[in-house]
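Dear colleague,

Please find below the structure that I am handing over to you, together with its sequence. My findings follow directly after it.

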Amino acid sequence: MITGSKMRIRRRSPPPTERLPPSCTSSWPSSPLRKEPILNPSKRRRIAQGTAVFLLCSLACAWSAGVVIFFAAMHSDTTSQNIINDNSLASKFLRNRVSLSNSDVALLPQTLNHPRHFQLMRQKSNNDEKTPSWSWPIIHIVSTRFMQDQGNLVSLARSRLKLLEVICLPSIMKQTLFDGGTLRSIYNHTKWASQVASLSDLDGSEADPLLLWVIKVDPNIDNAVLKELRAVLEPVKRFTVVVGSNTNFGIGVKNGGWRDGKEGNNILEAFHNDKIFFPHDKEYAFGIVSRAHEARSDRVVLETRLDSDDAINISYFSVLHYTALKDLVNNTISEFLSNDDEFEQKTDDQNSVEIQHTAQHQTARWIYWCPHRHIQWNPSTTFFNPNNDPGMLSVFESPNVCVTPGLTLGFAVGTDESHVPRYEHTQVYWEINHNHNFMTRDSIERDCGLYPSSRCAVFVENPYVSAFRSRAMTSAGMHMMEALGEPSMEMPDFYTEVSNKLWKGPIQDYFGIDPEKAKEAADFLMDIYLETVRDNLRGQCTKGHSCKLSSLEKLQRTIDILEEEPGGIDVRKSSY
């Protein structure tokens, strides 16, 4: 409702996740998408008028700031040397340790009076000669948690490790971002095309990795489990660090992550305390982490969350990097020339197309990306296996809720941690798109810089299905599943047919998951099923984990059913 000159937005709760109608094709289902209403024309005009006044005031402030800088430069040689033009900025932004340049210039942000405006400045860095800079314009951190505060639950750990090996790991290893041709396509539209082309032709050991996978585990994790984990991760040792720490940063309600240095300091402290469990080459890993930590202020930073039993589409990171270069870097700096249909977000919403066209020159300070659709997998068991395949698959669409696998937060250069609003993953999209009130000072200071604010939290439409979620008895929350691992929702016969067809092609093509290995994983989980469920029950309500009565009841009921014998339930084995 409109009251006086202020607009008050009534806070609403997001609708639940919806399951998409099945499509009996070898590709992803295509069905009418649920649309969220856009403000009516009269409201849009009032908002546009207010925005116009706001922008005029902002331009006046920016002009005043420019005058101050100009006169300061006239009276100070130091200040005049610090202002950098666009031509030199492009060549310095991609400084890397294999470059022949020995420049002593570092890009440091300086925020002007208005929060939407920042300028890239340059200063001499005392560390440039000691610590080579990060190789790429983007620092991408992928965060995974494994058995934190549950290091003694060995059966649960072995089951989760099997899911990490078969589900999560392949989707990381087969990311198209690692393909030289794809990488060059991403950067072909920018000033950095030639530098990236030269880097992509180098041996992996000569340049920093395109992403850093940080896996945090219980510092006191079982030694046998840790040994198995190291063996599983050997193929990705060039960009993976296993940290013995129960402290988490990154995407979530609490502040702290890579941009403000808290995450990097936590990992560097683990090196000092001998709590880096992988890779074996500690010197190499320390160099990567140190360079990424030191360069966090003058690079775009992406933070992605990925649970150890989930997967992401193999094209997902390529799309993120392309979109980050387009939306988080001013095109006067990147010289972003044209769009590439391979990475562009595809939408049937004409309003969205118009918004993108009219706001193509806007640059974001921060952006959230959420997978719009995901696959849910209920592994086969002796109790539930209609197709004798790896398990039941269902395709879900989340109209207003961000699922955790692939949830990413991007920081532009000059954006501080305090500039970004933090919410639970279930509230991120809804709060930013529907309940964000830009009439308050706090909201303005944390504005992402894009209009409308719906562009600050983006549902990823390309790839069409971006995430893959496991729903096994290893799950702490037991969401969307019942006792014995059966899906909470009824599965009609035609869903089993669709599930079977998905296993025959799309799952491996789009997530890198081998159906035969997925079946082996389901069988492995079944072999230690009771022990895993017991451990999961013991692990409930431990620090940082789910503590829902419904989960406790489902797990206990599963134990009761499995331990039931002709004479009844053996209470000696199920007393928790």
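Helix H5 passes helix H6 in a right-handed crossing; a crossing is right-handed if the near helix is turned clockwise from the far one by less than a right angle, and left-handed if anticlockwise. Helices here are DSSP runs of H or I with at least four residues, strands are runs of E with at least two, and both are numbered from the N terminus. The structure is a predicted model, in which local features need pLDDT of at least 70 and side-chain atom pairs count only at pLDDT 80 or more, while totals for chains, interfaces and linings use all residues. Residues are numbered from 1 along each chain as its sequence is written, and side-chain values use heavy atoms, with hydrogens and water left out.

H5 spans residues 180-187 and H6 residues 193-200; the two pack at an angle of about 165°, and their axes are 9 Å apart. H5 is therefore roughly antiparallel to H6. Axes are lines fitted to C-alpha atoms, for helices over the stretch in contact, and angles run from 0 to 180 degrees between N-to-C directions. Angles under 35 degrees count as roughly parallel, over 145 as roughly antiparallel, 65 to 115 as roughly perpendicular and the rest as oblique. On the H5 side, Gly 180, Leu 183, Arg 184 and Tyr 187 meet Ala 193, Val 196, Ala 197 and Ser 200 of H6, where contact means heavy atoms within 4.5 Å. Five nonpolar, two polar and one charged residues make up the contact of H5 with H6. In this scheme Ala, Val, Leu, Ile, Met, Phe, Trp, Tyr, Cys and Pro count as nonpolar, Asp, Glu, Lys and Arg as charged, and the others, Gly among them, as polar.

H18 contributes Tyr 529, Leu 530, Val 533, Arg 534, Asn 536 and Leu 537 to the contact, and H19 contributes Leu 552, Leu 555, Gln 556, Thr 558, Ile 559, Leu 562 and Glu 563. By class, the residues of the contact of H18 with H19 are eight nonpolar, three polar and two charged.

Some backbone geometry also deserves a note. Most residues other than glycine have a negative phi, and most peptide bonds are trans. The peptide bond from Phe 278 to Pro 279 is cis, with omega near 5°, and Pro 279 is placed in the loop between strand S9 (276-278) and helix H9 (282-294). Asn 462 and Pro 463 are also joined by a cis peptide bond, with omega about 10°; Pro 463 lies in the loop between strands S16 (457-460) and S17 (467-470).

Met 147, not a glycine, has a positive phi of about 55°. Met 147 lies in the loop between strand S6 (138-146) and helix H4 (154-173) and counts as buried at 3% relative accessibility. Buried means under 20% relative accessible area, exposed over 50%, and partly exposed in between, with a 1.4 Å probe and protein chains only. Asp 274, likewise not a glycine, has a positive phi of about 60°. Asp 274 is in the loop between helix H8 (262-272) and S9, and counts as exposed at 59% relative accessibility.

Two further residues were examined individually. Val 242 lies in strand S8 (residues 240-244) and is buried, at 1% relative accessibility. Val 242 and Lys 216 are 26 residues apart in sequence, and their C-alpha atoms are 5.8 Å apart. Leaving aside neighbours within four places in sequence, the contacts of Val 242 include Ile 215, Leu 229, Lys 275 and Phe 277. Pro 219, in the loop between strand S7 (212-217) and helix H7 (223-233), is partly exposed, with a relative accessible area of 22%. With the neighbours within four places in sequence again set aside, Pro 219 is in contact with Gly 244, Ser 245, Asn 246, Lys 275 and Phe 277.

For the protein as a whole, there are 19 helices and 19 strands, and buried residues make up 52% of the 576 residues.

With kind regards
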